Amino acid sequence: MRRRGIFITLEGIDGTGKSTQFRLLVDSLRRRGLTVCATREPGGTETGEKVRGILLASKTRRLAPLAELALIYAARAQHLEQVVRPALARGEIVVSDRYNDSSYAYQGYGRKLGVEAVRAFDRVVCGATQPDLTLLLDLAPRKSLDRAQGRETRRNSRHGRFEAQGLAFHRRVRQGYLEIAKREPRRVQVVRVGRPIAEIQAEIEGLVDEFLRQHLGIFLI
Ligand code: ADP
Ligand code: TYD
């Protein structure tokens with residue numbers, strides 16, 4: 001028996017359907033009898049949700065990019081200590097809606113802080129707790145921002161700080177994600193999401209099944 005659980009993350013720019021696919025994946029794993037710790041960033045803990053409030057509120061102005069990065073890693077340290085590492089130690093499957101690739105993509109590329117600044121925080125805070133499998137939901141920013149806009153309109157809410165950044169910012173973020181995927185093709189699986197939800201769900205389940213079969217010898221059919 002392996003002592004350590006499995007760490008799966010979902011990533012992508014805003015509006016690519018991460019939250020939708022996250023819920024579907026967690027439900028499907030649970031239906032198969034697996035113990036899943038479902039969590040998200042920024043957030044995942046009481047302190048983390050407070051930091052999320054600061055990061056996403058459109059009224060938070062003039063937050064220096066390095067302050068943003070430090071806040072995100074503060075929330076991540078809490079999340080790791082309180083939620084992720086204990087669940088992994090219990091042998092659970094941790095599924096997180098965003099994790100450290102978001103920081104490389106948004107702060108490193110989007111905010112132009114560079115990969116090295118993010119890596120410095122990451123070494124200290126995350127250390128060896130890196131995702132085993134990352135599903136990168138990929139869509140052109142023009143389309144994904146339309147989807148995010150549609151969601152906010154239905155909820156009668158407004159764009160948050162990141163969604164309000166505009167196309168050029170999200171193009172850099174997407175480019176960052178795709179470069180990470182190119183550097184780590186075994187860990188990061190790119191899933192194209194310009195198609196129906198059920199098709200994407202089937203591809204993701206296939207990728208996760210294959211991963212669990214290879215790493216745990218679990219057959220999920
Ligand atoms: P994210 O968490 O990545 O921001 P969401 O899951 O909240 O994305 O999806 C954003 C919006 O797009 C929602 O209104 C959702 O219903 C819709 N959506 C999700 N997946 C698809 C899809 N494959 N095709 C069209 N619309 C989608
Ligand atoms: P989220 O609620 O997942 O947004 P969405 O559902 O619209 O995709 O995430 C909130 C925002 O936080 C998102 O715009 C990206 C940003 N973020 C970072 O900039 N860096 C990070 O490390 C994380 C985890 C999130």
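Visitor: How far does a polar side-chain atom of Lys-18 lie from an oxygen atom of ligand 2?

Guide: A polar contact is a pair of N or O atoms within 3.5 Å; within protein, one must be able to donate a hydrogen and the other to accept it, and residues adjacent in sequence count only if both atoms are side-chain atoms. Here the distance from Lys-18 to the oxygen atom of ligand 2 is 2.9 Å. Arg-52 places a polar side-chain atom 2.4 Å from an oxygen atom of ligand 2, and Gln-107 places one 2.8 Å from a nitrogen atom of this ligand. The protein buries 95% of the 550 Å² that ligand 2 exposes when taken alone (Shrake-Rupley method, 1.4 Å probe; for residues, only the protein chains shown count as cover).

Visitor: On what conventions do such values rest?

Guide: The model is predicted, and local features need pLDDT of at least 70, side-chain atom pairs count only at pLDDT 80 or more, while totals for chains, interfaces and linings use all residues. Residues are numbered from 1 along each chain as its sequence is written, chains are lettered from A and ligands numbered from 1 in the order in which they are written, and side-chain values use heavy atoms, with hydrogens and water left out.

Visitor: Which residues come nearest to ligand 2?

Guide: A residue is near a molecule or strand if one of its heavy atoms lies within 4 Å of it. Of the 16 residues around ligand 2, the nearest are Asp-14, Arg-52, Arg-98, Ser-103 and Gln-107. The shell comprises five nonpolar, three polar and eight charged residues (Ala, Val, Leu, Ile, Met, Phe, Trp, Tyr, Cys and Pro count as nonpolar, Asp, Glu, Lys and Arg as charged, and the others, Gly among them, as polar).

Visitor: Which helix gives the most to the shell around ligand 2?

Guide: Helices (H or I, at least four residues) and strands (E, at least two) are DSSP runs, numbered from the N terminus. Helix 4 gives the most, with four residues. Helix 2 (46-56), helix 3 (65-89) and helix 4 (100-110) each supply at least two residues of this shell.

Visitor: Which residues are closest to ligand 1?

Guide: Among the 15 residues that surround ligand 1, the closest are Lys-18, Ser-19, Thr-20, Arg-151 and Arg-154. An N or O atom in the side chain of Lys-18 is 2.7 Å from an oxygen atom of ligand 1, and a polar side-chain atom of Arg-147 lies 3.2 Å from a nitrogen atom of the ligand. Ligand 1 has 560 Å² of accessible area on its own, and the protein covers 80% of that. The shell around ligand 1 has four nonpolar, five polar and six charged residues.
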